[in-house]
Amino acid sequence: MVKHEQEESPNRPDNTAFTQQRLPAWQPILSAGIVIPGFVLIGLAFIGVGVGLFITSRDVQVLELDYTGAVATDPCYKCSDPSIKDCKCTMEFHLDTLFRGPVFIYYGLTNYFQNQRKYGISKDDNQLYGDLDTFKSPASECSPYDYDSKSKPIVPCGALANSMFNDTFKLYRMVNGSKKEVPLNGKGIAWWTDQNVKYRNPSGTPLINAFNGTVKPINWPKAAYELDTTDVYNNGFINQDFLVWMRRAALPDFRKLYRRITKDEYQAGLPAGNYSLEISYNYHVLSFKGKKKLVLSNVSWMGGKNDFLGIAYLVVGSLCVFMSIVMLIVYAKFKFPEED
Amino acid sequence: CAGEENWVDSRTVYIGHKEPPPGAEAYIPQRYPDNRIVSSKYTFWSFIPKNLFEQFRRIANFYFLVIFLVQLIIDTPTSPVTSGLPLFFVITVTAIKQGYEDWLRHKADCSINECPVDVVQQEKVVRTQSNKLRVGDIVMVREDETFPCDLIFLSSSRDDGTCYVTTTSLDGESSHKTYYAVPDTMAFKTEQEVDSLHATIECEQPQPDLYKFVGRINIYKDKEEPVSRTLGAENLLLRGATLKNTQHIFAVAVYTGMETKMALNYQSKSQKRSAVEKSMNAFLIVYLCILISKAVINTVLKYAWQWSPDRDEPWYNHRTEIERQRHVVIRAFTDFLAFMVLFNYIIPVSMYVTVEMQKFLGSYFITWDEEMFDEELGQGAQVNTSDLNEELGQVEYVFTDKTGTLTENNMEFIECCVDGNVYIPHAICNGQILSAASSIDMIDSSPGGYRREYEDLFFRALCLCHTVQVKEEETVDGIKRGIHQGRPTSFYISSSPDEVALVEGMKRLGYTYLRLKDNYMEILNKDDEIERFELLHVLNFDSVRRRMSVIVKSVSGEYLLFCKGADSSIFPRIVSGKVEQVKAHVEQNAVEGLRTLCVAYRRLSESEYQEACHYLTEAKLSLQDREQRLAQAYDVIERDFVLLGATAVEDRLQEKAADTIESLHKAGIKVWVLTGDKMETAAATCYASKLFRRSTQILELTKKRTKEQSLHDVLFELNRTVLRQRSISGLSVDCLDFGLIIDGATLSAVLKPTQEVSGHGNYREIFLEICRNCSAVLCCRMAPLQKAQIVKLIKSSKEHPITLAIGDGANDVSMILEAHVGIGEFNCILK
């Protein structure tokens, strides 16, 4: 057989670390000497973080005021009947100490399923982006909240928008027997992207022109273009309260930001004393066994009050330490005698 | 009307499409396929439906298709695009890949089907395409051409009506085989004569056994009774075999296209599926059950939860009118489907994609492996399917071909022993004849004159006692080696590579066989003199006698009979010579894995020669039992030998074959050698490759043995041996290991369903039981389909082991296709 002296065959595979599988590799050897100290370190770190979180969470002040009016003794009981319109009720409460600022006011609902799939998709994003074509023919997902009984298109359409929370609150501080209103700040409570990117009012001024030939959602007391007539940038689809509502809650018991107390003498917080909360009661929740509440809270670096996270860290950290002790015992029992 | 006729057991072929004279038999036309070979799976039209069907047979693909359809039909939480797009991607990529592969097969088929063939039509040789060939056509095949279909041999350019054929690509045997023409058609030597032949052939319908053929040829001559001759396998030239050493032959096509024995030996191309994929499919079903129960439970829970109306339809979330009117059962069913879609990621599409990608990359790592790169071929490993990478680590049985896989299929003369003295030729130096002094190493020297005579006789014996032919050729062929450098190169060609090796070895020891001219064999001896011997008779080799002889007449008028053969067949016939010494040497060589032959001679007196002549001619002329009579004659003539010596030839093992087999053994992998070769050769190789060690106890399950005892007894006896050993070795630490040797005939007897009381499958079980206890098994004389049968047998045994088959020839294809993992070799043999 004639053999050709081949210098380098063209088919010769590349001699690289990758193709010849010689890339450097490292695999940890999990010996007792590494695992036990590792567990102790991880456990201690977790316990440290857990203690920090738990203390921070404990310092957050929360005040919850249930105003559903389910029981006759409640001040808002009279308003809980759906047939009564424009009902107002007042709740008194007392703060023993300073409620450190900045104070956030939330409204809370329970047994309310904003996470229901059909409910969640029941909106028309194009409409909410200001697309005038969809004002005439809302998306089919909005059904049965797309047309009213006279076949007029509803804007904004859908179950989500239709069920927007519409109770309003006024907070008064009792100073020497007289009521002094606490200024509430409604700016900057919604997501920046919702206000500036996702939602947009239809073009054209005044806003009302765009809504010609449409009707307001059935449950709304006033149309979208009347949500805040004082501020163009808080009206229509980019109204802060609307945006907060449209961002759905993940769980059936939720709270949503309503206002912040940041102005005047309340920057440092709400001083101790008596307060009065005036509620215009429009939203009915008793039909589905829900509850309504108003929540005052301040925040820490880790957010609102949340004891769970700190406790979870503490439990995992202590488990790690415990396991390391168990392993040390096992190791001592079965390893050391061999070395003798 | 032909439909019924297709089912008859025999077919009648009209040579040259000439009808027989009236009155012979009714002309029953049968419909035969054309000579087209189809290996492709799809046609242009069937590609899309067939390919899609095959792809969706994978449970995963089908599952995602169902999910996709559900998403299209009902209102679901996720968009149909999320499952449709990846599915579409996977299906398209696979379809493109398979389509491309099939296109390549189409091209290959085309080139095979359109290769030119010479057909005799109207007394002329006409060139036509292979696929146009019909049953009954007379074909002319030239030397080194491959037979286009299965042919009945009519006549050849050689006077004796024989031709030489190599069937390497069919059964892996590299030796040249002799085929015979029917004596009555031998004389039709030109196309005109052949075309005038008026005959019909009756033969059985096609069957895959390569070595079986039964038929009859009826030759009609003018006004004479038709002559009828039987046809056997020695008359049938198989598609895929190659004509050697014969200028041209004429033959008539009997089986064409997909009915040829070669095509019947190919199995259908089924896609290989890895064991992991199979178990993955099983898990898939488990997960599917989990998914369905999950969806059912969730649907039930949903309706339980919405039982109270304030949860079912609170004021803030009313249903549409259509939804309210929908029947609760339909609602529940759509909810169920929606839950299915929601949870469908329990069967992750990403896992399939990841596994596929990983395998794909893994196959590239095999391709890139430098250690699997062959310098000579300039080619690395090639991965045909990436589906089987992970199988490689799970192999329990390795089935390997012998010729060309374990060995290089390249015989080399190693040494010879004359009367107890060992001669080792030096390595060839550019093929030049070396002087006597330098070419022979004398290991021990003994007194001159007497030794000298034996030496001369021995070398002459090897130069004369063979059927090697000298062929002068311009082109350089890979396997044969040139005699002289510079001059037009000549080659030794023989039906056995051993003979070539021996004659070449003699050349290196100073005795060159030049040629056979006018029945005189010419030898160039050590002193550069030409010696001439008249070749009187050749007593051909056969596997029963295991020896061959020649009778020559020297210039001085002496009659000499030279014989060479296996030691077992020579020694009983020895009357004088240094038997003990040679025997010891032969045994030593055999242990080294060399193929040994003994050489002996006998001086014949004039009367003895005449007697032998008489025996031979009588036997050759007999019409009945010719084989048997010849054997008797040989037996009478080949006796009273004087032992000259022995030779050792090596079929060189592939580099590191023994190491490989040893590591495979150590890894607990059972190695089976499946070969078409004869038992002795195969066994020698097995010893050389350390498949059988010296300590290995060999169990034989061969035709020779089953002739003496019934198969039943042999099987039970072997089984008992194995079991007894196992019960003993349970105590001792080093257990004796067993090697089994089985041949094709016995194997088919074992696998044949029997009607005995023991019932069908019983032999099979015993055989499997024996095999299970053997660390190595050698199967010789295997037909390609039998190789596949063995693999199948092991594969379907109760442990369901993973099997790997490795081979190089077309004869291994069916075995490779049958095994879980198949490895084909690029080799010099099969270009």
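In this predicted model, the area buried between chain B and chain A is about 2700 Å², with carbon and sulfur atoms giving 54% of that area; buried area is here the accessible area (1.4 Å probe) that two parts lose on being put together, summed over both. Of the area that chain B buries against chain A, 29% is supplied by Trp315(B), Tyr316(B) and Glu370(B), more than by any other three residues. The contact, defined by heavy atoms within 4.5 Å, draws 31 residues from chain A and 26 residues from chain B.

Residues are numbered from 1 along each chain as its sequence is written, while chains are lettered from A, and ligands numbered from 1, in the order in which they are written. Local features need pLDDT of at least 70 and side-chain atom pairs count only at pLDDT 80 or more, whereas totals for chains, interfaces and linings use all residues; side-chain values use heavy atoms, with hydrogens and water left out.

Across the interface of chain B and chain A, three salt bridges are found, a salt bridge being a side-chain nitrogen of Lys or Arg within 4 Å of a carboxyl oxygen of Asp or Glu. Lys118(A) and Glu323(B) form a salt bridge in which the closest N and O atoms are 2.9 Å apart. Polar contacts are pairs of N or O atoms within 3.5 Å, where within protein one atom must be able to donate a hydrogen and the other to accept it, and where residues adjacent in sequence count only if both atoms are side-chain atoms; between chain B and chain A, eight residue pairs are in polar contact, both residues being at pLDDT 80 or more. On the side of chain B that touches chain A, α9 (309-312) and α12 (349-368) of chain B each supply at least two residues, and α12(B) gives the largest share, three residues. By class, this side of chain B has ten nonpolar, seven polar and nine charged residues, where Ala, Val, Leu, Ile, Met, Phe, Trp, Tyr, Cys and Pro count as nonpolar, Asp, Glu, Lys and Arg as charged, and the others, Gly among them, as polar.

Over all chains, the count comes to 31 salt bridges. One of these joins Asp241(A) to Arg259(A), with the closest N and O atoms 3.1 Å apart. Because Asp241(A) lies in helix α7 (residues 240-246) of chain A and Arg259(A) in strand β7 (residues 254-261) of chain A, the pair ties together parts that are 18 residues apart in sequence; helices (H or I, at least four residues) and strands (E, at least two) are DSSP runs, numbered from the N terminus. Asp241(A) is partly exposed, with a relative accessible area of 22%, whereas Arg259(A) is buried at 17%; buried means under 20% relative accessible area, exposed over 50%, and partly exposed in between (1.4 Å probe, protein chains only). The side chains of Arg259(A) and Asp241(A) are also joined by a polar contact of 3.1 Å. Not counting residues up to four places away in sequence, Arg259(A) touches Phe104(A), Ile105(A), Leu184(A), Asn185(A), Gly186(A), Ile189(A) and Asp241(A).

In chain B, Lys41(B) and Glu54(B) meet through their side chains in a salt bridge (3.9 Å, N to O). This pair links distant parts of the chain, 13 residues apart, with Lys41(B) in the loop between β1 (10-14) and α2 (47-56) of chain B and Glu54(B) in helix α2 of chain B. Lys41(B) counts as partly exposed at 22% relative accessibility. A further salt bridge brings together the side chains of Arg602(B) and Glu608(B) (3.3 Å, N to O), of which Arg602(B) is buried at 7% relative accessibility and Glu608(B) is partly exposed at 29%. Salt bridges that share partners join Asp312(B), Glu313(B), Arg319(B), Glu321(B) and Arg324(B) into one network.

The secondary structure of chain B comes to 27 helices and 33 strands, and 48% of its 831 residues count as buried. Among contacts in chain B between residues at least 6 apart in sequence, 69% join residues at least 24 apart.

The unreviewed UniProt entry annotates a "transmembrane region" at residues 29-55 and 311-332 of chain A; UniProt positions are given in the numbering used here, feature names are shortened, and annotations may be inferred rather than shown by experiment. Residues 29-55 of chain A are 89% helix and 0% strand, with end C-alpha atoms 38 Å apart, while residues 311-332 of chain A are 100% helix and 0% strand, with end C-alpha atoms 31 Å apart.
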